[in-house]
Structure formats: C-alpha cells, structure tokens
Protein chains: 4
Amino acid sequence: MNRKELWFFIEPDADQDVSSYDKVMLVVIAASLIPLMLSGEAPDWMHWLDGLATFIFVVDYVLHWLCADFSHAECSHRNRFLCFLLYPLRPIAIIDLLSILPGFFPLNHGLRIFRLVRLLRIVRGLMIFRNIRRRRSVDLIVTALKKQREPFAIIFCIAVGYIFVSALVVFNVEPQTFKSFFDALYWATVSLTTVGYGDIYPVTVVGRLFTMLSSILGIAVIALPSSILTADLMIILNESDDDESNDVSAPATQSAQMALQHINVPKEDAS
Amino acid sequence: MNRKELWFFIEPDADQDVSSYDKVMLVVIAASLIPLMLSGEAPDWMHWLDGLATFIFVVDYVLHWLCADFSHAECSHRNRFLCFLLYPLRPIAIIDLLSILPGFFPLNHGLRIFRLVRLLRIVRGLMIFRNIRRRRSVDLIVTALKKQREPFAIIFCIAVGYIFVSALVVFNVEPQTFKSFFDALYWATVSLTTVGYGDIYPVTVVGRLFTMLSSILGIAVIALPSSILTADLMIILNESDDDESNDVSAPATQSAQMALQHINVPKEDAS
Amino acid sequence: MNRKELWFFIEPDADQDVSSYDKVMLVVIAASLIPLMLSGEAPDWMHWLDGLATFIFVVDYVLHWLCADFSHAECSHRNRFLCFLLYPLRPIAIIDLLSILPGFFPLNHGLRIFRLVRLLRIVRGLMIFRNIRRRRSVDLIVTALKKQREPFAIIFCIAVGYIFVSALVVFNVEPQTFKSFFDALYWATVSLTTVGYGDIYPVTVVGRLFTMLSSILGIAVIALPSSILTADLMIILNESDDDESNDVSAPATQSAQMALQHINVPKEDAS
Amino acid sequence: MNRKELWFFIEPDADQDVSSYDKVMLVVIAASLIPLMLSGEAPDWMHWLDGLATFIFVVDYVLHWLCADFSHAECSHRNRFLCFLLYPLRPIAIIDLLSILPGFFPLNHGLRIFRLVRLLRIVRGLMIFRNIRRRRSVDLIVTALKKQREPFAIIFCIAVGYIFVSALVVFNVEPQTFKSFFDALYWATVSLTTVGYGDIYPVTVVGRLFTMLSSILGIAVIALPSSILTADLMIILNESDDDESNDVSAPATQSAQMALQHINVPKEDAS
C-alpha cells in the first residue's frame, strides 16, 4: 500500500458521509471519553482501554503526518518537504497532539488540567462530521445562516452588548447582591436566556424594576435572530422547491415564452 | 352477529373520527387511570371500579384476538391460523396484555412497578386517536414534519450531542457540584431547555463562564427546529391555498395558455 | 335627552375606538381597582373614592338597563317588555352586578371573597376594548388565529394532554416528591412552559430521566402553535399586500390578458 | 483649522460607519466605565485614568458646543446666537453634561447616585452607533419593525396589561405570599417571561391553579410579536430579493410584455 492509497483510506472521497476509517476513530474517541464521565477511581480495565486508545491516536497522528502533502492543496512538488515540516503547526494537528498528550499520564493523575485537555478529543470527533454539510437538507440551513451573516453578527453584538449593559446597571444598582461584576454578568446571561436558576436574583425595589424592564426587552432581542433565520429559510426552501417539481410561477414564464415563439412564426410568415 | 360484523363494530371504517366502541373504551381507560392519581389508600368503590375496568379490558383483548385475521392485511386464507397464533406477539397486543395484568393484583399492592405498568393503558388510549390524522388541519402539520424529516433528525442529533458535550465539559470543570455524570446531563438538559429549576447550578467562575456560553449557543440550537417547521408549514399552507381558491399565479399560466391557443389559430390560417 | 340619545351616548357608533363615556368608565374602573393593590389598612380618602366609584357603577348599570331594548337586535316592538325584564339575566349584566355588589360593603371587610369578586370589574373594563378589533392591524392577527382554529384547538388539546400524561407519569414514578396529583400537574405546567421556579423538582434518577425526556419533547409541543400562527399570518399579510399596491404576479395575468385581446384582433382580421 | 473643518472632524459625513473621532471617544467611554465594574477600593492609576477621561469628555462637550450651529438644521444665519445659547438645553447635551459631572468627584465618593449617573455615558456611547442603521441588513429589520408599528404597540399594551391583571389577581388570591402589589408585579413579569427565579412562587392551590392558567396563556401572548415580526420580515426579504436578481415571477410579466410587443407587429402589418 503506497502513500496515495493510504491517504484515500484515511480521508476518502466525500461521496460517503462517514468513511469506515472515521467510524473506527469515532468509536475510539467515544471510548476514550468514558473515563471523563467517571467521578471516582477508574477500574483496571479502563486503564488498559485508555492505553489502547492513546496508541490508536498516535498511529492516527503519524498516518496523517505521513500524508501531510496530500491534505493541503498548496503542497506542490517543490515545497512538499516544507509541508511535512510545518504539519505539526497546523491548528488541527496541534489540537490532535494536545488531546493525545494526557493519554501518557495515569488516568487519575492529580492535575485537573489533564482531564480538560482530553476534552479536545471531542473537537477531533466533530471534524469527522464536517462532511455532513454536503447533505442537501443541512446545506439549506447552512446557506440560510450564511446569507444573513451580517444581520446575525450585528444581532449577536447587540445581544452581548445588551447583557453587558444590563450587568453594568444591575451591578451599580444593587451592589449588595452582586458581589463582583462577573456575578452581574452571570446573572444577566442566565436571566436573559430565561434559564433563571434563582441562585442570584435582585432583592431591592430598584433592582427588581430593572429586572422586569430588562427581561421584557431581552425576549425581543433573543426573538430577532430566530425570526430572521425562519424568514430566510423559507425563501430558500421556496426557491429550491421552485427549481425542482411543483414550481408555481415558472409555467407562466414558459408558456408565455412558448406563446412568444409561436407568435414569431406568423410574424415571419407575414413578412 | 358473525365475526366480520364484530370486527366492523370494534374497528369501524375510518370515516368517523372516533367510533362509539372506542368512545366507551376511552371512558373505561380514563376511569382505570383514576387510581393512579391518588397517593393514599384507595376507597372501596374504586376497587370495584378497577375490577370492572379490568374485566372490560380482558373482553376487549379477547375480541381483538378473535378478529386477528381481519386486523392484518397479509392474513390470507392460508395462513389465517398462524395469524391467530402470532397475535399475542404483536407489539400492540403485548402492550395491551401488560397494561391489563396489574388489574389482577390489589390496587394498593406493595410493588411500585404495578402502578407504572398501568400507565401503558395511556398508550392503548392514544391508539384510538390515530384516526385523527385524517383531518386536513392535522395532516398539514404532519406533512410539514415528514417533509423535513432529515433536517429534523440531524438537528435532534445535534441537540442531544450538544447536551452531551455540555454535560461532559461541566462535569470535568466543576466536579464538586456535579457528583455524577448523570447530574451533569440532567443539569445540561434543564438549562438548555431554559427550564432552570435551580436545584443544580455552577458555583465556580469557570463553570459559570461555560454556563453563559452554553446557554447563549443553546438557544440557537433549540430555535432551529422551530424555524424549519415554520418555514416548511408556510410553503405547504401556501400551496394548499393555491390549489383551492385564491391562487395567485395560476391565472397567469392559464391566460398565457389561452393566449397560446388563440394565437395558434391565425398561424394555421396563415399556412 | 330621550332614551335613544342616551343609548348613543353610552354606546356610540363604533367609528371611534373608545367613546368619551367609555373613557370616563375606564378611569372609574382603574380607580376602583386601586384598593385591590393595597395590602394593609386603606386610608380614609380611599373609602370615599370607593363609594363614588360604586355610585357611578350603579348609575352605569341603571343606564344600560334603561336602554335594554336597544342593546339587543332581537328586541322588536312586541317583546320589548321581555327585554327589560330579562336584562339582569344576561351574562354581561350578571358580571356587572356581581362586580358592583362588594362596593356596598366596607373596603377592609373580613370576607376575602369580596376582594376577588371586585376583580370582575376588569372584565367590564375589557368589554370596552372589544371595538379595537376593527383596527386593520389587529384584524389581520384575529383572522390568522381564526383561520387555523381547528389546528390550534387540536394542539391545545395535545398540550393539555401532554401536561396531564407527564403529571401522571411523574406522580407514579416519584411519589415522595409529588405529594398529590395536583402537585404533579403544577410541576408539569411550570416545567413545560419553561418557567421552572424550582419549588418542586424531581430528585430520583428515574424522575430526572423522565423530566429530561419530557422537557425536550415539551418544547416541540409548545413551538408548534407559534409556527402555525407565523406561517398563516405571513400568507394573510402577503395576500393583503397583493391586494393593495406592490402585487407581484398579477401583472403577469393582466399583461397576458392584454396580449390575448390584441391577438384576437388579427385573428378576426384574417377571417 | 476653522470651525467648519472642526465640525467635519468630530461629526464626519455618514459614509463611514464609525469615524476615527468616534472610535477614540468609544475607547475613552469604555475606559471610564471600568471603575463601575469594581466593587472595592479603586487603585491609584484608575483615579488618574478617570481624571483623563473626564478631561476628554469636557473637551468633547466644548467642541460640540463650539459647533452648535452646524449640528442643527434650523440654525440659519440670523438665530445662530440663539443656537449657541440653547445648546446646553438639548436632551443629548444634558445627558452629556450629567454623565461628565460625577467625574469631578472622587471615584469612591459616598453618594451612590454618582455611580448611577456615570452610567449615562453608555447613552453617549450608543449615540455613536446610530449611523449603523444605514447598513442594508439592519435597515431591513428596522423596516419590518416600523411597518408593523401599530400591531407591535397593541401587543406590547396587551402584554403589559396581561402582566398587570395577572399581578392583580395573584395579589388578591394569595396575599400571604405577595406582601405588596409590586411583589406581585415582579412575580408576574418573571413568570411570564419564563425566567422563573423561584424567589417568589405561589403556595396555595388557588394561586397555583391561576399560575398554571396564566403561564400557558402567557406563552401565547409572548409568541405573537415574534410571529408577526417573522411574517413581516419574510415578505420584505422576499420583495428585496425580487428586486435584485433571482426574482421568480417578474420574467412572466416581461415575457408576456415581450409577447405583446411582438404581436403588435403582425397586427400593424395586417392593417
């Protein structure tokens, strides 16, 4: 098996949704996340499992490195060597490496950070699903989201700004409840997303008045993106419907054009 | 009354919404659920009522078994015997039987499981409403939901995956609050559906930061299905509107075709 | 001022949104609700105010009774006497009378029920706003709601049924938390509307599992009505748009028809 | 640099989104808000920073005053003097002045009100973003909101009225929980926006029954504005789509018109 075949094995053409190589990787990633769902001491078999998963991740990393020149379009024959050299500096390679590293330390290692770094393996898992975008149904939604990128960005800024200003006001209105500005930010986010745990809430009259005003306005801010998306999705679905089968207005165009063609005949005859 | 008449009595043609037989069964099911709404000791008359309901359920089960060959399209003359034999293994027959069984034990039997199995009678009750689908207004919604089955399935997977990843992160970020992974899953579900009871909530700065991020993103994930449904429903409603009376673009087609026909005449005259 | 003039004074033609008589009544109703917003002992001036309001309500009741024959279309010359006799039995007259009665008792009367009956005055106030329906913008929404009356009714039944079944399941799954079935109903409503106070919440694993499932499904049930309304409103707005100015497809029809008319001429010439 | 040049420097033509002068002001405003995010004693460097910010605000105020005659369209040559005289009475100038004043007092001054007045600087910052309206994507949303101004206003009144009536009912139904009418108003707002902190909740059966009813209805009231906005946005987006490129029904019109023109030719030939 030469390198080209290897590359087509680990990253096959995007005709399939998820390749068999990726399916195996998904199972290994899922298995390697199991220790992160345990709170107490991990049993013995889990240490063995984690060792096996780490070994497979290392093999996966090496295989991808071996095919570094195929994975990038700009790798011409000339700077192929540079491609191999720079591969570990690519973002996805760094995430890969970081997520493998904690595998070399015992599962119940004291340092908390090792557990968190392991979570990066989720990113590696999500990368596998990027091909799913090619599905028509997903593509419609992605197109709708992209088409309105600017209003979404502006609304996101408005939402974040709204949370920030709300936090700033409430923090100065009721400092006895909100001990730090971060407390106020947390309260504003939890309130305006209507989660409302009830661990922090205003107790003074002014604070409550502001909460009432802020909540009512907040719903409007949060309802906006959903409305834009719906409106846009509808237009796109409508158009893609027209392109396919039960288009409503196209016949009018066609029959009018047909009328046009038929009319041309007598006109020419007449001349 | 022969068996064919019996069958048309218990499962009449779907012209009616709910047959009189089904109406009686609904009342019996509702009555048999009353004991499940009581916490203390059931009064005497309720024991009698429950006995009567159990008797009716048994009769209903036997009647359906007697007509087993009518209820299935594949029951030809040849394998009719097999139909009767295999009837108790059909899913609906198993649910029926399971929901009847607790009726043979006293109402305040110690085993909790008996109460829960009784809840299966709700499934039997819901089966009666399956005919409601034939109503035009319900059909439109069902059509809209079916048409976008794939995006809905994908979004459902994204939502469940989002809850799972959120739980995984928060469980490792703040293990002192979330004692088990199930706690974290419960928290993630309650937070991202914006119910937010406030029985579990993050207390550390990192946990709160993640909660803020997760909540804002979570709203987007949950707003998506609603947007798709709305967009699709609108197109279907729009089309069914066009088919009926006030269609907007069809006249254009028709008049253009009429124009075409009239034009054809001079063309032929000219030749 | 004869009785006819009186009638046009208290219930003028619906050309105006809110008549001057109704404006005065609104102020009196608002003023008479102020004592209901106080918890402690009412000050002296409030007793005087309440007495004045009660007097005005009595006058309003008598005036409406005097014009009983105008207020009902079926009151012909013959059964006019019956109209006057039966007026106090009409629903709106009963609500009016009930809401006046507590005014004859002291404001801080021991019986709680007197306070609640006073709330009926809100109904009297709302009756005044019924003319607002004639506004075009409100009419569009009312039309959209009416057009989809059947699906809304079905979805409302599904929502109530869903809350009921959720309550039934959780009550039997976790009886130690939910002391009565009403507790479970209250929990189900507060959870599925995503209010989630956190005064009652499941504590067992099975109860929490069911809560998670129930919440995710519940969002879908609640998102449906909103989607239907949006879709329908859009079509109605779209059509009313077309009727007015910037209609999109009508020109196609018109121009095609114009084409038709012009073509007819040469055809006739040819013959 | 004469006064006209100065004016174009501080309030340039609206071709740019945010001018360089405004960018500097935004940074200064942001910096001057930092002390509001601290709870304890401010460090020394912050006092210096605040002094600098106050100085810049004073300069900004004076510069705007100097150009008072340019900033208002009605300032003709004759009443220019009046313009300068009345400038400090304009709303924006009053807000500016008020927000500067606390800068002349020490940061950790005892009077709480100084901190709150500082928050007015946010308003000054928001004024800078008013030019963003000229962006097409924002303009679409603003147009949609404006077009349905009347229904939005009516729904807003319904929502506020609904909260008020809910509060009034619950306050009289359960006075032991809601100590004041403001408590009831706060509860109603927090419940109907589905935030539901859980700091106040009904405990009696009647109160809970009303809460259940009120919550289910409340969702409908809150879902309405979002539905109207979506429906309207869609129509506007649809129309602006038609105007641009992929319009669906316009070709029908055009081709029919073309047909019309071509048909005219033989008609004229025939005559």
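Modeller: The UniProt entry, which is unreviewed, places the feature "transmembrane region" at residues 45–63, 84–107, 113–132, 152–173, 185–204 and 216–237 of chain A. The model is predicted, so the coordinates come with confidence cut-offs: local features need pLDDT of at least 70, and side-chain atom pairs need 80 or more.

Take two of the annotated stretches. Residues 45–63 of chain A are 100% helix and 0% strand. The C-alpha atoms at the ends of that stretch sit 27 Å apart. Residues 152–173 of chain A are also 100% helix, with 0% strand. There the end C-alpha atoms are 31 Å apart.

Next, the surface of chain A. V58(A), V62(A), L66(A), I94(A), L97(A), L98(A), L101(A), F104(A) and F105(A) make up a nonpolar surface patch. Together they have about 730 Å² of accessible area. Two helices of chain A, α3 (44–66) and α5 (91–100), each give at least two residues to the patch. F105(A) sits in the loop between α5 and α6 (112–118) of chain A. Its relative accessibility is 35%, so F105(A) counts as partly exposed.

Now the aromatic rings. Over all chains, the search finds 28 aromatic pairs. One of them is F171(A) with F181(A), an edge-to-face pair. The centres are 5.9 Å apart, and the planes are at 75 degrees. F171(A) belongs to helix α9 (residues 149–173) of chain A, and F181(A) to helix α10 (residues 181–192) of chain A. The two residues are 10 residues apart, and the pair links distant parts of the chain. F171(A) counts as buried because its relative accessibility is 2%. F181(A) is at 10%, so it too counts as buried. A separate group, Y61(A), W65(A) and Y87(A), forms one aromatic cluster.

Charged contacts come next. Side chains of opposite charge can pair when their charged atoms come close. The count is 20 salt bridges over all chains. In chain A, D60(A), D96(A) and R124(A) are linked in a salt-bridge network.

In chain B, R124(B) bridges to D60(B), with 2.9 Å between the closest N and O atoms. R124(B) lies in helix α7 (residues 120–128) of chain B and D60(B) in helix α3 (residues 44–66) of chain B, so this bridge ties together parts 64 residues apart in sequence. Both R124(B) and D60(B) are buried.

Other bridges cross between chains. R208(C) forms a salt bridge with D183(B), and the closest N and O atoms are 3.1 Å apart. R208(C) is in helix α11 (residues 205–244) of chain C, while D183(B) is in helix α10 (residues 181–192) of chain B, so the pair joins two chains. R208(C) and D183(B) are both buried.

D183(C) and R208(D) also meet in a salt bridge, at 3.2 Å from N to O. Here D183(C) sits in helix α10 (residues 181–192) of chain C and R208(D) in helix α11 (residues 205–244) of chain D, so this pair joins two chains as well. D183(C) is buried because its relative accessible area is 15%. R208(D) is at 11% relative accessibility, so it counts as buried.

Last, the cysteines. The count is 0 disulfides over all chains. C67(C) has 0% relative accessibility and therefore counts as buried. C157(C), by contrast, is exposed, because its relative accessible area is 52%.

How values were computed:
Residues numbered from 1 in each chain as written. Chains lettered and ligands numbered in written order. Heavy atoms only, no water. Disulfide = S-S within 2.5 Å. Buried < 20%, exposed > 50% of the residue type's maximum accessible area, 1.4 Å probe, protein only. Patch = residues over 30% accessible without salt bridge, like charges linked within 9 Å, V, L, I, M, F, W, Y side chains within 5 Å. Areas by Shrake-Rupley, 256 points an atom, 1.4 Å probe, with all protein chains shown as cover. Salt bridge = Lys/Arg side-chain N within 4 Å of Asp/Glu carboxyl O. Helix = DSSP H or I, 4+ residues; strand = E, 2+ residues; numbered from the N terminus. Phe/Tyr/Trp six-rings, centres within 6.5 Å; stacked < 30°, edge-to-face > 60°. UniProt positions renumbered as here; feature names shortened; annotations may be inferred.
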